Amino acid sequence: MRASFPEDFLWGVATASYQIEGADLQEGKGPSIWSDFTYEPGRIDSGENGDIACDHYHRYLEDIELMTRLGVNSYRFSISWPRVFPEGRGQINQTGIDFYDRLIDELLKRSIRPVVTLYHWDLPLKLQERFNGWESREIRHYFGDYSSSMFSKFGDRVKLWITMNEPYCSSHVSYLWGEHAPGKRDLRISLSVAHNLLLSHGEAVKRFREEVRDGMIGLTNVSAFVEPASDSRADLRAARLYDQFVNGWFFETPITGEYPSELFSRFEIAGVSPTIEDEDMELISTPFDFWGVNYYTRNLVRSQESSVLGSEVVQGDLPKTEMGWEIYAEGLEGFLFKVFKEYGRKPIYVTENGIASKDALVDGNVDDGPRIDYLRKHFSAALNAIKGGVDLRGFFVWTMMDNFEWARGYSKRFGLVYVDFKNDLKRVPKKSFNYYRDFLRSL
Ligand code: FCB
């Protein structure tokens with residue numbers, strides 16, 4: 001199957017700073033909203049946090065060595081904003097810059113292309129304290145300045161940039177469902193946070209265009225492959241509204257410069273729609289180069305008229321992962337076609353895809369059959385999309401190694417490499433690691 005993918009296809013693994021780095025308040029790094037949130041009782045399963053995580057900050061060489069053994073040609077990671085700007089802006093933490101310099105240089109030495117996400121959820125806590133972080137329009141200037149610095153520090157070596165990871169999660173999962181930092185529950189606020197995130201994405205793209213000579217910049221979204229729970233008219237409408245809420249809001253708006261109208265009108269009537277100022281939509285729709293698609297599952301949706309959203313997600317009956325997410329590789333294929341056709345015919349990278357499974361270390365081995373099966377099916381779905389004409393250019397498995405899975409702590413394992421959190425963070429490649437390695441070699 002590998003041989004049927006384009007020759008210059010990027011095959012990689014993906015991670016995020018707070019989930020793996022550890023060294024949380026060390027070597028000049030400032031706290032992020034997650035450093036704080038994880039210490040609030042009841043927020044994280046088992047009260048865990050990312051203080052140490054996989055200690056990748058100190059063990060990055062060992063981790064890159066593993067990537068080399070795996071045979072990937074690219075690695076998607078995120079820069080921790082508070083590691084380089086402890087206060088969010090102003091004084092730079094040179095030690096933090098040095099870390100990313102060393103990481104990038106080592107990757108290049110191993111012929112692994114660095115793909116950098118500027119924001120994967122660890123906002124400097126100082127900005128939260130100063131003006132409520134993403135709740136303030138001001139943040140776009142801060143994000144723009146931070147992005148500019150990263151372009152100037154690393155742009156000579158990094159050619160693929162992602163402004164942010166899943167603004168749906170940084171807005172609604174954090175401010176409506178209350179599951180992620182800072183854990184609020186208010187639709188009006190989460191919609192204005194989403195607006196400020198999109199403005200900030202636009203601002204970073206604008207800076208990139210002005211300041212960087214070569215390279216590409218894109219946006220990574222979570223993708224919900226939405227299906228109605230029945231073919232009743234009410235459920236079909238609910239599926240449409242939900243699709244606008246999770247997908248359209250973040251995929252369509254940056255292309256058209258308009259929020260999906262049907263849902264927007266609903267929000268206006270309910271008095272929760274975001275305030276839009278002159279030129280906001282122009283900034284939001286600054287042309288960018290590619291889409292990042294994070295795909296895990298489908299969402300089955302039915303009508304819920306009493307909710308402002310008009311919809312609710314229901315449990316489907318397909319086999320599920322340890323996260324309780326249905327396994328549905330056809331959804332990846334369908335979603336890639338949808339993104340390509342409906343949202344600007346841009347190049348696409350699958351920037352995350354993977355599975356939490358019940359992994360156990362037995363006699364030094366982890367036999368994670370379900371992960372192998374999952375990856376095989378999703379690689380094949382990606383190939384079908386390419387054959388059907390989608391400009392898919394890369395696939396990043398989530399994730400390199402078991403890590404801090406946000407509100408679920410260390411209980412959910414997504415890695416190709418097992419991390420023994422009880423035994424000096426020992427790394428043990430799982431069977432799926434060997435599967436991916438052999439797949440990559442099978443040219
Ligand atoms: C995605 C996140 C990533 C990881 C996976 C399982 O939504 O981007 O950090 O937690 O889910």
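Tutor: The questions below go from the ligand to its pocket and then to the cavities.

Tutor: This is a predicted model, in which local features need pLDDT of at least 70 and side-chain atom pairs count only at pLDDT 80 or more, while totals for chains, interfaces and linings use all residues. Residues are numbered from 1 along each chain as its sequence is written, and side-chain values use heavy atoms, with hydrogens and water left out.

Student: How far is a polar side-chain atom of glutamate 166 from an oxygen atom of the ligand?

Tutor: A polar contact here is a pair of N or O atoms within 3.5 Å. The side chain of asparagine 165 has an N or O atom 2.8 Å from a ligand oxygen, and for tryptophan 406 the distance from a polar side-chain atom to a ligand oxygen is 3.0 Å. For glutamate 166 the value is 2.7 Å.

Student: Which element supplies the largest share of the lining of the largest pocket?

Tutor: On a 1 Å grid over the protein atoms alone, a pocket is an open set of points with protein on both sides within 12 Å along at least five of seven lines, and lining residues have an atom within 4 Å of a point. The ligand sits in the largest pocket, meaning that more than half of its atoms lie within 2 Å of the grid points. This pocket has 44 lining residues, with Tyr168 and Trp325 among those nearest its centre. The largest share, 5 residues, comes from the strand (a DSSP run of E, at least two residues) named β6.

Student: What is the volume of the largest cavity?

Tutor: A cavity is a set of grid points where a 1.4 Å probe fits but cannot get out. There are 3 cavities of 30 Å³ or more. The lining of the largest cavity has 9 nonpolar, 3 polar and no charged residues. Its volume, the space filled by probe spheres set on the points, is about 60 Å³.

Technical notes
Polar contact = N/O pair within 3.5 Å; in protein donor to acceptor, adjacent residues only side chain to side chain. Helix = DSSP H or I, 4+ residues; strand = E, 2+ residues; numbered from the N terminus. Nonpolar A, V, L, I, M, F, W, Y, C, P; charged D, E, K, R; others polar.
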